[in-house]
Amino acid sequence: MSRERLYLFDTTLRDGAQTNGVDFTLHDKQIIAQMLDELGIDYVEGGYPGANPTDTEFFAAKPKFEHAKFTAFGMTRRPGRSASNDPGLAGLLEAKADAICFVAKSSAYQVRVALETTNEENLASIRDSVSAAKAAGREVMVDCEHFFDGYKEDADFALACAKAAYESGARWVVLCDTNGGTMPHEVETIVGAVTKHIPGSHVGIHAHNDTEQAVANSLAAVRAGARQIQGTLNGLGERCGNANLCSLIPTLRLKNEFSDALEIGVTDEKLATLMKVSRALDDMLNRAPNRHAPYVGESAFVTKTGIHASAVLKDPQTYEHVSPDSVGNHRKVLVSDQAGRSNVMAELDRAGIPYEKSDPKLARLVEELKEREAAGFAYESADASFDLLARRTLGRVPEYFKVEQFDVNVEQRYNANGQRVTVALAVVKVDVAGERLISAAEGNGPVNALDVALRKDLGKYQKYIEGLKLIDYRVRILNGGTEAVTRVLIESEDENGESWTTIGVSPNIIDASFQALMDSVVYKLVKSGAPV
Ligand SMILES: CC(=O)SCCNC(=O)CCNC(=O)[C@H](O)C(C)(C)COP(=O)(O)OP(=O)(O)OC[C@H]1O[C@@H](n2cnc3c(N)ncnc32)[C@H](O)[C@@H]1OP(=O)(O)O
Ligand SMILES: CC(=O)C(=O)O
C-alpha cells in the first residue's frame with residue numbers, strides 16, 4: 001500500500017530562538033541547520049531576515065542542503081502599504097531562501113486589536129504577500145496565526161484567511177495554535193472542518209505547548225488530514241515551547257497508526273541518530289538535557305524497580321514500548337532501594353564483575369545496598385561507588401593503601417596587600433605497603449585541599465592516578481535540622497575522558513567528601529588493574 005507523504009518543518013532556529021534564554025549565533029544556526037538537513041527534515045526555517053543582523057546574514061547565502069528547503073519567515077505586508085512598498089516584505093523576498101513562510105493573522109479579534117485594521121485589509125495583505133512571493137519564484141506557506149482561537153470566535157473569517165492564502169498560491173496553509181490553549185479534540189474537529197475546503201495535503205499544524213499538548217495536538221491534526229507538522233528540536237519555542245520533533249518523529253515512524261499510512265523524510269537509520277541530535281542542541285545551548293524526555297532522555301529506557309528489572313531481563317518488551325536502539329538511546333537497569341537481585345545482577349553484568357547466581361553474597365549485596373540507601377546513599381547516581389560496594393561485598397577489592405589520618409584547616413586572614421583571603425590546608429598520612437607517606441596541600445576550599453593532598457603521593461600507585469581529575473562536586477543536605485546528613489557526589493574523569501561518579505554520606509561534609517574522593521581514587525586503581 002502506498003503511503004501518503006507527511007512533511008516535517010523545523011522552526012528551532014526561529015520559534016526556538018524565541019525561547020527565553022536561547023540565543024543562537026550565526027555559527028550555531030549554520031551547524032543546527034546542517035544537522036536538521038542530515039536528519040531528514042523537509043523544511044528548515046532559518047529565522048526572520050531583516051529582523052536582526054544574524055538572521056539577515058544567515059540568509060545572505062543558501063546553505064548546502066541535501067534534502068531540506070531553506071525557509072525564511074516574516075510577516076505579510078503591513079496594513080495600508082502596498083506589497084512593492086513594504087521594506088519588511090522586500091527584505092524577505094531578497095533572502096536567499098527556497099521557501100517563504102508568512103505569518104498572517106487569522107483571528108478577527110487579533111486583526112482589530114493587534115493590527116488595528118479591517119478584516120478586508122488583512123485578507124488583501126495575505127493575498128498580496130503570497131502573490132509577491134510566488135512571483136519571486138519562492139515556494140510559499142502561510143502560518144495562520146491564532147487560527148484555532150480565531151475559528152472559535154468567527155469561523156467564517158478564520159477560514160477566509162486560510163482560503164485567501166491557498167487561493168493566492170500558497171503551497172501550505174499552516175493552522176497555528178499560537179497561544180497553545182487548544183485541546184486535541186478541538187484541533188481534530190477544526191482541522192477536519194478546514195480540510196473540507198483546503199485539501200489536507202496543503203494543510204499544516206503549528207502547535208504551542210502551553211497545556212503540554214503540542215505533540216498531541218499535532219498528531220490530532222494529522223489524524224484529521226493535515227500533512228505538514230511544524231515543530232522544534234527538544235520542544236524549544238516561545239513560552240512553554242513548540243511541538244517537540246524529538247517526540248513526534250519517533251512516534252510517526254514507530255507507531256503503526258502513523259507509520260502504516262504516512263511516510264516522513266527521516267529514515268530508520270537517521271532515527272537512530274535522534275538522541276545524538278537532541279544532545280548536540282543542548283550542548284550548543286549549554287543546557288542540561290531533560291533526563292525524562294520521551295525517547296531521547298537518559299531515563300527514557302531506565303528500569304529502577306526489582307519487579308520491572310526482573311521482567312526486562314527476561315524480555316525488554318515487558319516494560320518498553322519501543323526499542324531504545326531505534327532512537328539511539330540505551331536500556332539501563334538501576335540499582336537503588338527499589339532494586340532486587342535482578343537489578344544487581346544486571347549492573348554486575350554491565351560493569352563486568354563476575355559472580356555466581358547461587359552465591360549467598362549476592363543477597364548480602366542487595367541487603368547492604370538497601371541499608372546504605374536508607375542511610376542516605378543514592379547508588380543509581382554513583383556507578384563507581386556501587387562498583388566498589390559490589391566488589392567489596394563479593395570480596396574482590398584489595399587494600400591498595402590505608403589513610404591513617406587527615407587534617408583540614410581553613411583559615412581567614414589578611415594577605416600582604418591587606419586583602420582578606422580564605423585559605424584551606426590539608427595534610428593526609430597514608431600507608432602504602434608499609435611505607436608511610438605524608439602530603440600537604442593548599443586549596444581554594446577544604447575539599448579541594450584534601451583532594452590535592454590525597455592524590456599528591458600514593459607511592460607506587462601514583463602513576464595510575466596521574467590523569468585523574470575532579471570535574472563536578474555536588475552536595476545535598478538530607479533530613480534537615482540537627483539530624484541532617486550530607487550527601488556528596490563527585491564526578492571524576494581520567495586521561496582517556498572516561499568519567500565516573502562516587503558518593504559519600506556522613507553528618508560531616510568533609511567526611512562525606514573524603515569517602516567520595518577515596519572511592520574515586522580506589523575505583524581508578526581497580527579500573528587500571530593496578531597490582532597489589
Ligand atoms: C506568533 C509568532 O511567533 S510571530 C513571530 C514573532 N517574532 C518576532 O517578532 C521576531 C522578529 N521581530 C522583530 O524583530 C520586529 O518585531 C520586526 C523587525 C519584525 C518589526 O519591528 P517593528 O517595526 O519595530 O514593529 P514591532 O515589533 O514594534 O511591532 C510589530 C508590528 O507588526 C505588525 N504586524 C504584526 N503581525 C503582522 C502581520 N502578520 N502582518 C502585518 N503586520 C503585522 C503589528 O501590528 C505591529 O505594527 P505597528 O508597529 O504598526 O503597531
Ligand atoms: C507562527 C507562530 O509562531 C505562531 O503562530 O505561534
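**Figure 1. β5 and α4 at ligand 1.** Strand β5 (99–105) and helix α4 (108–115) each supply at least two residues of the shell around ligand 1. Helices here are DSSP runs of H or I with at least four residues, strands are runs of E with at least two, and both are numbered from the N terminus. β5 gives the largest share of that shell, three residues. Around ligand 1 there are 16 residues, and A51, M75, T76, V103 and L115 come nearest. To be near a molecule, a residue needs its C-beta atom, placed from the backbone, within 6 Å of it. Sorted by class, the shell has seven nonpolar, four polar and five charged residues. For these classes, Ala, Val, Leu, Ile, Met, Phe, Trp, Tyr, Cys and Pro count as nonpolar, Asp, Glu, Lys and Arg as charged, and the others, Gly among them, as polar.

Before you go on, a quick word about what you're looking at: this is a predicted model, where local features need pLDDT of at least 70 and side-chain atom pairs count only at pLDDT 80 or more, while totals for chains, interfaces and linings use all residues. Residues are numbered from 1 along each chain as its sequence is written, and chains are lettered from A and ligands numbered from 1 in the order in which they are written.

**Figure 2. The residues around ligand 2.** Look for D15, V103, D143, E145, C176, T178, H206 and H208, the residues around ligand 2. They divide into two nonpolar, three polar and three charged.

**Figure 3. Strand β4 and its partners.** Six of the seven residues of β4 (residues 69–75) are buried, so this strand is largely enclosed by the rest of the structure. A residue is buried if 20 or more other C-beta atoms lie within 10 Å of its own, exposed if 12 or fewer, and partly exposed in between, with C-beta atoms placed from the backbone. β4 pairs in the parallel sense with strand β3 (residues 43–47) over four bridges, and Y43 has K69 of β4 as its bridge partner. Two strands pair if DSSP finds at least two bridges between them. To get from β3 to β4, the chain passes through helix α2 (residues 53–58), and this β-α-β crossover is right-handed. Right-handed means that, with the strands pointing away from the viewer, the path from the first strand over the helix to the second runs clockwise. β4 also pairs with β5, again in the parallel sense, over five bridges. There, M75 stands opposite V103 in β5.

Figure 4. Strand β2 (residues 7–10) runs parallel to β9, and four bridges join the two. F9 stands opposite Q230 in β9. Strand β8 (residues 203–207) pairs with β9 in the parallel sense over three bridges, and I205 stands opposite I229. β8, helix α9 (residues 214–223) and β9 together make a right-handed β-α-β unit.

**Figure 5. Where domain 2 touches domain 3.** The domain assignment of the chain gives domain 1 (4–266), domain 2 (302–393) and domain 3 (402–528); such bounds come from an automatic or database domain assignment. Here, 12 residues of domain 2 are in contact with 14 residues of domain 3. In contact means that the C-beta atoms of two residues, placed from the backbone, lie within 7 Å. Helix α17 (residues 383–393) gives the most to the domain 2 side, with six residues. By class, that side has six nonpolar, three polar and three charged residues. Taken over C-alpha atoms, the centres of domain 2 and domain 3 are separated by 28 Å.

**Figure 6. A closer look at I465.** I465 sits in helix α19 (residues 462–465). Why does I465 count as buried? Because I465 has 20 C-beta neighbours inside 10 Å. Leave aside its neighbours within four places in sequence, and I465 is in contact with R455, L458, V521 and K524. A530 is 65 residues apart from I465 along the chain, and their C-alpha atoms are separated by 10.0 Å.
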